[in-house]
Amino acid sequence: MSCILRGLLSGGRAVYPARPPCLGYSSAAPEICERTLIAVKPDGVQRRMVGEVIKRFEQRGFKLVGIKMLQASEAVLSKHYHDLQKKPFYPALIRYMASGPVVAMGSMVWEGHNVVRSSRLMVGETDSSQAKPGTVRGDFSVHISRNIIHASDSVEVAEKEIGLWFHTAELITWETNDHSDLYQV
């Protein structure tokens with residue numbers, strides 16, 4: 001069944017193979033091409049870190065296939081953080097995530113070879129005191145509860161999160177082009 005048809009049948013939310021074909025990635029084997037959700041949290045948006053996050057993922061070679069900025073509803077946040085509902089910090093987390101805009105790359109959707117695992121390494125430990133320098137959290141996070149960014153932790157979770165934050169039509173399939181033809185005389 002096509003991605004578009006599955007999306008329509010699921011109410012318009014993004015539904016795609018867990019490992020979509022990576023158009024324009026000649027070195028990436030299709031079986032290890034993935035998509036992941038990266039979200040710049042309200043503290044990252046307020047501190048104007050969105051461009052820095054995008055820059056790091058683009059420099060790593062990942063392809064941006066979906067991005068939006070929104071004020072997340074408590075309904076979406078409760079679905080997104082469903083696994084944390086029994087944690088004592090859950091109510092504060094929902095209030096915080098609803099407190100300001102989120103960029104859904106965050107919501108961004110990135111595509112590439114082993115993008116889920118690589119993203120988690122680029123983002124760093126959740127606790128900013130343990131995040132290594134050079135990671136997003138190691139360089140910019142100020143506290144475990146204000147750690148700039150969210151990254152899906154598995155291919156399965158990424159698929160679920162992307163479907164929660166994006167409609168099928170909001171994800172773009174495109175081939176990379178090195179534009180070398182622009183420099184030929």
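Trainee: Where is glycine 138 placed?
Mentor: Glycine 138 sits in helix H8, where helices are DSSP runs of H or I with at least four residues, strands are runs of E with at least two, and both are numbered from the N terminus. Residues are counted from 1 along each chain as its sequence is written, and side-chain values rest on heavy atoms, without hydrogens or water. Please keep in mind that this is a predicted model, in which local features need pLDDT of at least 70 and side-chain atom pairs count only at pLDDT 80 or more, while totals for chains, interfaces and linings use all residues.

Trainee: How far apart in space are glycine 138 and glycine 124?
Mentor: Their C-alpha atoms are 6.5 Å apart, and the two glycines are separated by 14 residues in sequence.

Trainee: Which residues does UniProt list for "binding site"?
Mentor: The unreviewed UniProt entry gives Lys41, Phe89, Arg120, Thr126, Arg137 and Asn147; its positions are in the numbering used here, its feature names are shortened, and such annotations may be inferred rather than shown by experiment. Lys41, Phe89, Arg120, Thr126, Arg137 and Asn147 are included in the lining of the largest pocket.

Trainee: What volume does that largest pocket have?
Mentor: The volume is about 670 Å³, taken as the space filled by probe spheres set on grid points that are joined across faces, edges and corners. A pocket here is an open set of points on a 1 Å grid over the protein atoms alone, where a 1.4 Å probe fits and protein lies on both sides within 12 Å along at least five of seven lines, and lining residues have an atom within 4 Å of a point.

Trainee: Which residues lie nearest its centre?
Mentor: Of the 24 lining residues, Tyr81, Leu84, Phe89, Leu93 and His150 lie nearest the centre of the largest pocket. Helix H4 (74-80), helix H5 (90-97), strand E5 (149-151) and helix H9 (155-165) each supply at least two residues of the lining.

Trainee: What about phenylalanine 89, where is it found?
Mentor: Phenylalanine 89 is in the loop between H4 and H5, and at 42% relative accessibility it counts as partly exposed.

Trainee: And His150, what does UniProt list it for?
Mentor: The unreviewed entry lists His150 for "active site". In the model histidine 150 is part of strand E5 and is buried, with a relative accessible area of 12%.

Trainee: New topic: which residues have the most contacts inside the largest nonpolar core?
Mentor: They are Ile38, Val53, Phe57, Trp110 and Ile149, in a core of 22 residues, where a core is a set of buried Ala, Val, Leu, Ile, Met, Phe, Trp, Tyr and Cys residues joined through side-chain atoms within 4.5 Å. Strand E1 (33-40), helix H3 (50-60), helix H7 (115-123), helix H8 (136-140), E5 and H9 each give two or more residues to this core. Another core, of 19 residues, lies apart from it, and Tyr90, Tyr96, Met97 and Val109 are among its members.

Definitions and conventions: Buried means under 20% relative accessible area, exposed over 50%, partly exposed in between (1.4 Å probe, protein chains only).
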